[in-house]
Amino acid sequence: MKWDGKNERLEWTEEYNIDNQKMDEEHKKLFEIASKANNVNKISNPKEKEEYLRTVCMELYREIRKHFNNEEEYMKFHHYPNTQAHQVFHETLLDKINFIMVNINITGTSTAHHKLYYFMQKIYLEHVLKEDIKISQFISNKRE
Ligand SMILES: [Fe+2]
Ligand SMILES: [Fe+2]
């Protein structure tokens, strides 16, 4: 069955919170940008669809990069012990979204949309819930 993005919507929910207001707000914003991709189904012209998705990916890439920079500064500021390893995760994630973005004209909009969904709701979310949460816990332990 061809994936049409109708049943699996890109979205952020409260369950993705990691109890750090600064990071949670930034993560939420990223998911809000990504969720613009849901509107691609409302466009019928294939060229316009492709352009629309590319624009969303570009904005998302820019904001993710900004967020990663902020997070890296934040880790350094708090002397988080795994900053370097975490930075490597970020680079890998940036490569993945870049790959989706630059290949839209090859994969086609539907596949790129699916890949973007998978990237945000699985790969990136896993990073937030497994890795970013460690930063949040480290900082809250320091504060106690
Ligand atoms: Fe991170
Ligand atoms: Fe993050």
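A residue is called buried here if 20 or more other C-beta atoms lie within 10 Å of its own. With that criterion in mind, I shall discuss the structure before you, which is a predicted model.

I begin with helix α2. By that count, its buried residues are Lys49, Leu53, Val56, Cys57, Leu60, Ile64, Glu71 and Met75. The elements covering these buried positions include α1 (21–34), α3, α4 (104–107) and α5. Just after α2, histidine 79 adopts a positive phi of about 55°.

Let me turn to the core. The largest nonpolar core comprises 17 residues, and those with the most contacts inside it are Ala37, Leu53, Cys57 and Leu116. At least two residues of this core come from each of α2 (46–77), α3 and α5. Which residues does alanine 37 contact, leaving aside its neighbours within four places in sequence? They are Leu10, Leu53, Val56, His113 and Leu116.

Finally, I consider the packing of α3 against α5. Helix α3, residues 83–102, meets helix α5, residues 109–143, at an angle of about 170°, and their axes are 10 Å apart. Since angles over 145 degrees count as roughly antiparallel, α3 is roughly antiparallel to α5. On the α3 side, the contact is made by His86, Phe89, Leu93, Lys96, Ile97 and Ile100. The α5 side contributes Ala112, Lys115, Leu116, Phe119, Ile123, Tyr124, His127 and Glu131. By class, this contact has nine nonpolar, two polar and three charged residues.

Definitions and conventions:
Residues numbered from 1 in each chain as written. Chains lettered and ligands numbered in written order. Predicted model: local features only at pLDDT ≥ 70, side-chain atom pairs only at ≥ 80, totals over all residues. Axes fitted to C-alpha atoms, helices over the stretch in contact; angles between N-to-C directions. Helix = DSSP H or I, 4+ residues; strand = E, 2+ residues; numbered from the N terminus. Parallel < 35°, antiparallel > 145°, perpendicular 65-115°, else oblique. Contact = placed C-beta atoms within 7 Å. Nonpolar A, V, L, I, M, F, W, Y, C, P; charged D, E, K, R; others polar. Core = buried A, V, L, I, M, F, W, Y, C linked by C-beta atoms within 7 Å. Buried ≥ 20, exposed ≤ 12 C-beta atoms within 10 Å, placed from the backbone.
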